[in-house]
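Please look through the sequence and the model below before reading on.

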Amino acid sequence: MLLRAILAAKKPTLTGRLGGILEGLDVGVEGCASVDEIWSQVARESTDLIFASRELLEGNPADLVRSIRGLPEAPDVVILTDQENPSEQARFLATGCLAVLHTGLSEDALRGVCEAILARRRGGLAARLGSVFPPEQPKLSDFVSLSPAMQSFMAVAGRVAASNTTLLILGETGVGKEWLARAIHQEGLRSTGRFLPVNCAALTESLLESELFGHEEGAFTGASRARRGCFELAHRGTLFLDEIGEMPTHLQGRLLRVLQDRTVRRVGGEKSRPVDVRVIAATNCDIRKKVAEKAFREDLYYRLSVVSLAMPPLRGRREDIPELIDNYVNYFRNQFPHCAAGIAPNALEAMLAYEWPGNVRELINVIERAMLVSPHDLIQGNDLPEEIRICGPSEAESDRQPNLPAPLELPQQWLARPLPEILASVERAYLAIVLETAAGRVGKAAELAGIDPRVLYDKMRRCGLRKEDFQKNAAQDEGGNHQPVPAHPSNSRP
Ligand SMILES: Nc1ncnc2c1ncn2[C@@H]1O[C@H](COP(=O)(O)OP(=O)(O)O)[C@@H](O)[C@H]1O
Ligand SMILES: [Mg+2]
């Protein structure tokens, strides 16, 4: 599909560079030098993408982005900037920008991000979301990777997938290490073989040993039968050694031997069996520090890290957050259909600003929980856990919507109650004020409320309001001689 993009920037070097990349990717590019020109362009012809430099958008860029997103084709907006400003970036993404592109990126990185942006616009994403997400057997293309950090990471991952080398994947918990290992297995030459994950931190030393290498009959008490280990089971496939940093040193030596000799000897056995296994190891600890402290064998470290891939944490690739949210909202909607269908800007802004120590896994859990607890059509800031919510805009800020009258301050607890109940309580409060103003005279109160006195009587009965309760205040105020009446909440107001 031939796409049409507007490239709005003042610097000719930038327009030349980016324009060249986009044209090479089958995009018709129109240049603009001001916001007014952008508007006259979009009025003239349908537009798929708008790349606008940050300095061109003076005034209120957020409003501009929202208005553009409100156009019939909802053009995608990409902000170009030469500054690293994470909080501004979060705000742009929260208003609906697809990405914030750093113009200092290398040619290759810039092209990579443009390709991802165009693929998304061309509907690659929609096609993928048609099937179940996240897939159990992921491909590298299933990784959300709009951000420059992920783009360059995935480019390297793609290159090593096809080879047979041992890999060491580094990264914080929840960044997607195991998912990546699965995808590499899936895309490589071994996809017909098994992918076998083993968590090196989850088993005691002796159990881990027999799990990995197998044991012969009678090798230890309780070993009544011989058993194959993971190396034999993963023959011609991939063995994923998670949390390799926690492997006891004695087993590190055995592992190194298997990697070097390509043969495995079971616990209590004599015979060496040839195995053809690709090992992908992963860790979230600082393994070089462990090597320095002699807690991890240096020779094994070098053997494993022929290629080491450091996955960027989620806070280092915030551009991916909106798409990750979309994907997982859709995923959970398939599971619980009556849940929220998306995310409100205030909640998105909070999620963009949050640090995500638990990375993608934490994000998935937060979305699942928010979808279960949210009574709204869109996940709101207050459906999110406290630590995330406080990263978002203040309530007063987030209540404002463009082109809408500022809403009344609604008590937060109302949001959890159905509209008829809220209307009934508002009606009761309103009638109490009118009755008080009219000093309990129903005719006068009906006039103030613009309704028939009989209708007012009827409503008062349903709301449990009695005119006598409002006559005492009037008696005091006016110095009149009405009888005393029972106390009522509205009487106690100053
Ligand atoms: N780039 C990504 N796009 C979509 N989902 C992802 C991505 N990275 C990770 N995930 C999801 O995050 C979850 C955690 O990943 P996992 O591989 O278990 O993390 P780790 O092994 O690093 O702790 C998985 O359910 C995976 O589907
Ligand atoms: Mg893991």
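The buried residues of helix 19 are Ile-422, Leu-431, Ala-432, Val-434 and Leu-435, where buried means under 20% relative accessible area, exposed over 50% and partly exposed in between, with a 1.4 Å probe and protein chains only. This is a predicted model, in which local features need pLDDT of at least 70 and side-chain atom pairs count only at pLDDT 80 or more, while totals for chains, interfaces and linings use all residues. Residues are numbered from 1 along each chain as its sequence is written, chains are lettered from A and ligands numbered from 1 in the order in which they are written, and side-chain values use heavy atoms, with hydrogens and water left out.

**Helix 19**
- Helix 19 (residues 419-437) has 19 residues and reaches 27 Å from its first C-alpha to its last, close to the 27 Å expected at 1.5 Å a residue, the expected span being 1.5 Å times one less than the number of residues.
- Helices (H or I, at least four residues) and strands (E, at least two) are DSSP runs, numbered from the N terminus.
- The cover over the buried residues of helix 19 includes helix 20 (442-449) and helix 21 (453-463).
- Just after helix 19, Ala-439 takes a positive phi of about 50°.

**Ser-147**
- Ser-147 lies in the loop between helix 6 (124-130) and helix 7 (148-161), and Ser-147 is buried, with a relative accessible area of 0%.
- The side chains of Ser-147 and Asp-320 are joined by a polar contact of 2.8 Å, that is, a pair of N or O atoms within 3.5 Å; within protein, one must be able to donate a hydrogen and the other to accept it, and residues adjacent in sequence count only if both atoms are side-chain atoms.

**Ligand 1**
- An oxygen atom of ligand 1 is 2.7 Å from a polar backbone atom of Gly-174, and a nitrogen atom of ligand 1 is 3.2 Å from a polar backbone atom of Val-144.

**Aromatic rings**
- The count comes to seven aromatic pairs, by a rule in which rings of Phe, Tyr and Trp (its six-membered ring) pair if their centres lie within 6.5 Å, with planes under 30 degrees apart counted as stacked, over 60 as edge-to-face and the rest as tilted.
- Phe-195 and Phe-240 form a stacked pair, at 5.9 Å centre to centre and 25° between the planes.
- Phe-195 lies in strand 7 (residues 195-199) and Phe-240 in strand 8 (residues 238-242), so this pair ties together parts that are 45 residues apart in sequence.

Terms used. Contact means heavy atoms within 4.5 Å.
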